[in-house]
Number of protein chains: 2
Amino acid sequence: MTMAIAIVKGYAVPMAPRGASRAAAIGAAADLMQRQGYAATGLEAILAASGSPKGSFYFHFPEGKEQLAAEALRAGGVGVRTFIDDVVAAATSPGDAVRRIAASEARQLARSGFERGCPIATVTLEMASRSEPIQRAADEAFESWAAPLATMLSAGGVADAEAAALARWAIAALEGALVLARAARDESLVTSLAEITADALDAHLS
Amino acid sequence: MTMAIAIVKGYAVPMAPRGASRAAAIGAAADLMQRQGYAATGLEAILAASGSPKGSFYFHFPEGKEQLAAEALRAGGVGVRTFIDDVVAAATSPGDAVRRIAASEARQLARSGFERGCPIATVTLEMASRSEPIQRAADEAFESWAAPLATMLSAGGVADAEAAALARWAIAALEGALVLARAARDESLVTSLAEITADALDAHLS
């Protein structure tokens, strides 16, 4: 077997297994950035956690850490969207879906010593105003999370535009509850605040 | 005039004007950390922005950047509380207060190129799980912001425990709206999502 080699930013880069090392870097970045944010997550730490050599990193992410962070937000966004799809499929109402999402978030917060809140909010607050790739990835993620709730609200008789606004609002309310819960070191805030959101959401159903 | 000198961590520290240099460091830290977060804000940048010498810094903040960040959150918290007190005094209902807060936040976001959202949320998400002084300062700030809204809800006939929960929920909803608005680079999200929160809040009045 011969191995393809690319020269990227002065490094000889083995080009196989490409997918695995790219995915490992994204996974490591997503994990570290969820727990400690963008600025605190150095490239060295990402490479150490992913086991990827530096040359391979720049081959996959020629724009560097900013590009990787956008991919990490995208990966986090897809993960949460999959979870919300499952929740919505099982939920009896949009409010019930919000309660189930909150219960899962509260468990994750408590289990992680309050390190793991939203996978993308910290990086969004740090970087959205100064990085368009990160800003766009964050926006797409939040929109993708709202979509299944909007569909559920529409199915409950809410007009499409109002359903979209209410769904976005519910996601925002969950995000805000995570911020206050981390400040309070009290995961029960996530579920108790979500109760209020859930009741307000279901009040819009016809 | 003689000037008092202290020796702190090896630096000769002029002890006057104490209050001014302490306040300048807190102000610089609050400003930088609101815009870029905790990890991205180095001590050198804070000292440069505040015009304080390093020795004076360690005299005022022997625990270093973490202690300064907690003080910066406290200062940001007091500033927002003063603003909320003024809003509540002028508002016709708790929902009206939420709308006014959101309108002000939206203007600040837009004027700052989306750099200035909540003065404490970014640092909270980065650091609350790993710094007790920062976590406590953040929690106290959020609680102090909710208090005037809770008082207003109680005056509107809501039982005290429910009023406290609803007020905290409204603050969380505003926080979440700021996260999504920064992701979307769209300050109108803050006000449109606050409309939903405001209506839901006033629905609890008797």
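This is a predicted model: local features need pLDDT of at least 70, side-chain atom pairs count only at pLDDT 80 or more; totals for chains, interfaces and linings use all residues.
Chain A contains nine helices and two strands. Of the 206 residues in chain A, 54% are buried. Among the contacts in chain A with a separation of 6 or more, 69% join residues 24 or more positions apart.

A:Ala70 lies in helix α4 of chain A. Its relative accessibility is 4%, and A:Ala70 therefore counts as buried, the limit for that class being under 20%. Although A:Ala70 and A:Ala30 are 40 residues apart along the chain, their C-alpha atoms are separated by 9.4 Å. With residues up to four places away in sequence set aside, A:Ala70 touches A:Pro133, A:Ile134 and A:Ala137.

A:Ala184 belongs to helix α8 of chain A. Between A:Ala184 and A:Glu143 there are 41 residues of sequence separation and 27 Å of space, C-alpha to C-alpha. Apart from neighbours within four places in sequence, A:Ala184 is in contact with A:Leu189 and, in chain B, with B:Gln135 and B:Asp139.

Helix α5 of chain A covers residues 94–111. At 1.5 Å a residue its 18 residues should span 26 Å, and the end C-alpha atoms are 26 Å apart, so expectation and model agree. Which residues of α5(A) are buried? They are A:Pro94, A:Gly95, A:Asp96, A:Ala97, A:Val98, A:Ile101, A:Ala102, A:Glu105, A:Ala106 and A:Leu109. An α-helix has 3.6 residues a turn, so residues three or four places apart point the same way. The cover over the buried residues of α5(A) includes α4 (65–90), α7 (132–155), α8 (160–184) and α9 (188–202) of chain A. Just after α5(A), A:Gly113 adopts a positive phi of about 60 degrees.

In chain B, helix α4 (residues 65–90) holds B:Glu71. This glutamate has a relative accessibility of 19%, and B:Glu71 therefore counts as buried; the class requires a value under 20%. Not counting residues up to four places away in sequence, B:Glu71 touches B:Arg22, B:Ile26 and B:Phe61.

The next topic is the packing of helix pairs in chain B. Two packed helices are described by the angle between their axes and the distance between the axes. Helix α5 (residues 94–111) of chain B packs against α8(B) at an angle of about 25 degrees, with the axes 11 Å apart. Angles under 35 degrees count as roughly parallel, and α5(B) and α8(B) are therefore roughly parallel to each other. Their crossing is right-handed. On the side of α5(B), the contact is made by B:Val98, B:Ile101, B:Ala102, B:Glu105 and B:Leu109, while α8(B) contributes B:Ala170, B:Leu174, B:Leu178, B:Ala181 and B:Arg182. By class, the contact of α5(B) with α8(B) comprises eight nonpolar, no polar and two charged residues.

Helix α8 (residues 160–184) of chain B also packs against helix α7 (residues 132–155) of chain B, here at an angle of about 130 degrees and with the axes 8 Å apart. The helices α7(B) and α8(B) are therefore oblique to each other, and their crossing is right-handed. From α7(B), the contact is made by B:Phe142, B:Glu143, B:Trp145, B:Ala146, B:Leu149, B:Ala150, B:Leu153 and B:Ser154; from α8(B), the partners are B:Asp160, B:Ala163, B:Ala164, B:Leu166, B:Ala167, B:Arg168, B:Ala170, B:Ile171 and B:Glu175. By class, the contact of α7(B) with α8(B) has twelve nonpolar, one polar and four charged residues.

The last element considered is helix α9 (residues 188–202) of chain B, whose 15 residues reach 21 Å from first to last C-alpha, close to the 21 Å expected at 1.5 Å a residue. The buried residues of α9(B) are B:Leu189, B:Val190, B:Leu193, B:Ala194, B:Ile196, B:Thr197, B:Ala198, B:Ala200 and B:Leu201. What covers them includes α5, α7 and α8 of chain B, together with α8 and α9 of chain A.

Methods: Residues are numbered from 1 along each chain as its sequence is written. Chains are lettered from A and ligands numbered from 1 in the order in which they are written. Side-chain values use heavy atoms; hydrogens and water are left out. Axes are lines fitted to C-alpha atoms, for helices over the stretch in contact, and angles run from 0 to 180 degrees between N-to-C directions. Helices (H or I, at least four residues) and strands (E, at least two) are DSSP runs, numbered from the N terminus. Angles under 35 degrees count as roughly parallel, over 145 as roughly antiparallel, 65 to 115 as roughly perpendicular and the rest as oblique. A crossing is left-handed if the near helix is turned anticlockwise from the far one by less than a right angle, and right-handed if clockwise. Contact means heavy atoms within 4.5 Å. Ala, Val, Leu, Ile, Met, Phe, Trp, Tyr, Cys and Pro count as nonpolar, Asp, Glu, Lys and Arg as charged, and the others, Gly among them, as polar. The expected span of a helix is 1.5 Å times one less than its number of residues. Buried means under 20% relative accessible area, exposed over 50%, partly exposed in between (1.4 Å probe, protein chains only).
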